[in-house]
Each structure stands twice: as C-alpha cells, then as structure tokens.
Amino acid sequence: MAHEVTGVIARGKGAPVELATVLVPDPGPGEALVQVQACGVCHTDLHYREGGIGADFPYLLGHEAAGVVEAVGDGVTGLAPGDFVILNWRAVCGQCRACRRGEPWYCFATHNATQKMTLADGTVLSPALGIGAFAAKTLVAAGQCTKVSPLVRPEVAGLLGCGVMAGLGAALNTGQVGRGDSVAVIGCGGVGCAAVLGASLAGATTVIAVDIDDRKLEWAAGLGATHMVNSLRGDPVEQIRALTGGNGADVVIEAVGRPETYRQAFYARDLAGTVVLVGVPTPEMKLELPLLDVFGRGGALKSSWYGDCLPDRDFPMLTDLHLAGRLPLEKFVTETIPVDGVEEAFAKMQRGEVLRSVVTF
C-alpha cells in the first residue's frame with residue numbers, strides 16, 4: 001500500500017519549490033516508515049534546489065527531522081512502531097573498511113531505503129540525503145532511525161539530524177576541543193553557532209565568534225561565545241591573535257566553506273593548532289596556500305563530515321544533556337512553519353534572519 005502525503009519538491013535547478021502529492025510505500029525488508037513530526041530547513045536543502053549537489057531532479061527535500069516510527073519491514077530489529085527517532089543520513093553499514101577498523105563515523109557505504117517514493121504520476125523522487133522529510137511520512141532505511149527520549153520536543157530533536165550535529169561534532173569530535181583551549185569559529189549561522197556551543201560545552205575558555213553580521217554574533221554570544229569579531233571592521237586573523245596572546249587559537253572551525261575564510265582559519269590558528277572545515281564548498285572553488293606555510297605551521301587540517309558523529313552514540317547523549325538543561329538546543333529554533341512555508345524560509349536563511357526555521361506537522 002502507498003501512503004499519499006503532501007511533500008516539498010524541487011523540480012529543476014533554481015526553480016522555486018512546490019507542493020506535490022507524494023506516494024510513500026509500506027516498508028520492505030530493512031526499511032522503516034516514519035511519521036515526520038518536525039523537519040528543519042537546512043542550507044543543504046537549498047543546495048539541492050540550486051543544483052549544487054546533483055542533478056537527479058525532482059528532489060523530495062528535507063532531511064533534518066524527527067518523528068515516530070509507524071511501521072518496519074522484515075528483518076528490522078531494535079526498532080518498533082511507536083519509537084521516537086531522529087533521522088540520520090549516515091546509516092553505517094558495519095562492513096566497510098572504516099567500520100571494520102572501528103571508525104564507523106567514516107563509513108564509506110552508508111545505505112538508504114531500497115524502495116522509491118514517487119509522485120502521483122509515477123515519477124521517481126530523489127530524497128534529499130536519502131531522507132526526504134518535508135512530508136508527513138517518509139521511507140528510510142531502518143539504520144537511519146536513531147531512538148531517543150520522547151520527552152524531547154520534535155522541533156528540537158530533529159536539529160541533531162544535520163546542522164546542529166555538524167557544528168557540535170566539528171568542535172567535540174573532529175576538533176577534539178579540550179578544557180582550557182582557545183577556539184575561533186568563522187561563520188555563525190546554524191552550524192557555526194552549534195560549533196560555538198560545542199566548544200563551550202567542551203570547556204574551552206576562549207571562544208571567539210567571527211562573522212560579518214552583528215545579529216549572528218549576538219546569537220553566538222547567547223550560545224557561549226566569549227568574544228565577538230565582526231570581520232568587516234578589521235582583519236579577523238589579527239583580531240583572533242590579539243585575543244589569544246598574539247598566538248592564534250588552538251582550534252579554528254571554518255563554518256562558511258569559502259577559500260577566503262579557509263585562509264583566514266589557516267592563519268588564525270596557533271602553531272601546531274587545528275583547522276576544521278565544516279562549511280560546505282561548491283565544486284568550482286579552489287584553494288591556494290604556500291606549501292611552506294602548510295609545512296612550517298604544523299598541526300592538522302581536518303574536514304568534518306556530519307561532525308564525525310555516530311548517531312546511535314551521539315544523539316541519545318546530546319538529547320539527554322538537553323533534557324538535563326545543559327545543552328540549550330531550543331535556542332536554535334527561530335520559528336516553526338507549515339510545510340508550505342519552505343520557500344520563504346529559504347529567503348530568510350539567505351538574508352541571515354534565522355538560525356533555523358522548522359517545519360512542523
């Protein structure tokens with residue numbers, strides 16, 4: 001049986017999104033049908049609409065989601081109807097070389113549902129990041145469902161499905177920020193502000209937020225930044241050095257994904273410090289650095305995929321911290337919107353007016 005729901009579709013590069021009837025199959029072996037309760041509007045969805053990720057239109061957008069399992073297919077264990085879950089786009093395989101060496105957060109063979117969701121006329125949809133959650137129901141691989149406490153509000157829990165987890169993990173997992181460290185975060189949208197929060201949670205004593213928008217710097221201050229730098233008013237590298245005894249930060253997290261801001265991150269770190277790239281660049285971008293500087297400054301240049309998270313390890317821990325009052329995830333929810341508000345939410349995102357708009361069902 002197919003379930004008819006209304007979903008947000010991107011039909012072509014740059015075209016406004018539209019609502020359409022989506023047919024969602026019952027789950028087959030290894031799959032789960034999830035009743036979506038909330039889904040954040042993430043910049044990655046805008047990348048899909050703009051053709052920046054692929055050209056497999058039409059896309060069913062939405063991936064930063066939480067909801068309740070409605071049904072599971074044959075062979076699914078550890079997951080049952082009624083479970084409250086956060087959806088993730090890195091369902092680890094357990095068999096690839098990364099999984100076998102005990103680093104499943106690098107899994108090279110993540111999987112999605114086998115069956116396809118379609119439009120009413122049979123057109124096959126490409127779900128964003130294998131999820132497609134701007135719809136009241138979606139079909140995913142069972143491994144894309146991570147059970148967490150049902151006491152967490154869905155609009156908060158879903159944010160861990162992508163952007164907030166990416167930022168928290170960039171600090172906690174990839175950057176391995178420790179007590180007493182100095183950290184600079186360049187770019188204070190949703191991901192960057194989450195990196196600020198992660199650095200604060202890890203015990204960094206100096207957390208420097210860098211952006212060109214004072215409103216975003218205020219958001220970062222509310223999430224643990226100790227210093228704010230508007231890079232329109234001076235060289236951010238020099239300002240970061242001035243705030244760290246002339247040395248540069250122990251960890252610099254680049255949450256923009258542009259060559260010019262990556263260069264700033266590279267030169268704003270201390271000798272033997274760490275740069276973490278969590279901002280997503282576009283395919284045409286190129287980076288040029290003097291190789292002698294790469295050698296001479298030492299340290300580590302890292303990329304952070306999904307905050308190097310392991311969903312079944314990190315999601316329950318982070319939601320428990322939230323419920324204990326130690327992780328204010330609710331501060332990321334600027335507004336809740338109906339499913340027909342996604343196009344305007346994209347515009348607000350581009351204008352820098354929101355940390356997260358969240359679609360609720």
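Is F134 buried or exposed? F134 is buried, with a relative accessible area of 0%; buried means under 20% relative accessible area, exposed means over 50%, and partly exposed lies in between (1.4 Å probe, protein chains only).

## Basis of the report

This is a predicted model, in which local features need pLDDT of at least 70 and side-chain atom pairs count only at pLDDT 80 or more, while totals for chains, interfaces and linings use all residues. Residues are numbered from 1 along each chain as its sequence is written, and side-chain values use heavy atoms, with hydrogens and water left out.

## F134 and its loop

F134 sits in the loop between strand 8 (126-127) and strand 9 (137-141). Helices (H or I, at least four residues) and strands (E, at least two) are DSSP runs, numbered from the N terminus. F134 and V41 are 93 residues apart along the chain, and their C-alpha atoms are separated by 8.9 Å.

## Helix 4 against helix 5

Two packed helices are described by the angle between their axes and the distance between the axes. Helix 4 (residues 163-174) and helix 5 (residues 190-202) pack at about 40°, and their axes are 7 Å apart. Axes are lines fitted to C-alpha atoms, for helices over the stretch in contact, and angles run from 0 to 180 degrees between N-to-C directions. Helix 4 and helix 5 are therefore oblique to each other. Angles under 35 degrees count as roughly parallel, over 145 as roughly antiparallel, 65 to 115 as roughly perpendicular, and the rest as oblique.

On the side of helix 4, the contact is made by G163, V164, A166, G167, L168, A171 and L172. Helix 5 contributes V191, A194, A195, L197, G198, A199, L201 and A202. Contact means heavy atoms within 4.5 Å. Sorted by class, the contact of helix 4 with helix 5 has 12 nonpolar, 3 polar and no charged residues. Here Ala, Val, Leu, Ile, Met, Phe, Trp, Tyr, Cys and Pro count as nonpolar, Asp, Glu, Lys and Arg as charged, and the others, Gly among them, as polar.

T174 lies in helix 4 and is buried, with a relative accessible area of 3%. Its side chain makes a polar contact of 2.7 Å with the side chain of S304. Another polar contact, of 2.8 Å, joins the side chains of T174 and D308. A polar contact is a pair of N or O atoms within 3.5 Å; within protein, one must be able to donate a hydrogen and the other to accept it, and residues adjacent in sequence count only if both atoms are side-chain atoms. Leaving aside neighbours within four places in sequence, T174 is in contact with G169, V276, K302, S303, S304, G307 and D308.

D308 belongs to the loop between strand 16 (300-303) and helix 10 (311-323). D308 counts as buried at 5% relative accessibility. Its phi is positive, about 45°, although D308 is not a glycine.

## Other residues

A272, in strand 15 (residues 269-277), also has a positive phi, near 65°, in a residue other than glycine. At 57% relative accessibility, A272 counts as exposed.

T261 is part of helix 8 (residues 259-268) and counts as buried at 12% relative accessibility. Not counting residues up to four places away in sequence, T261 touches I186, E254 and V256.

F57 and P58 are joined by a cis peptide bond, with omega about 0°. P58 lies in the loop between helix 1 (43-49) and strand 4 (59-60).
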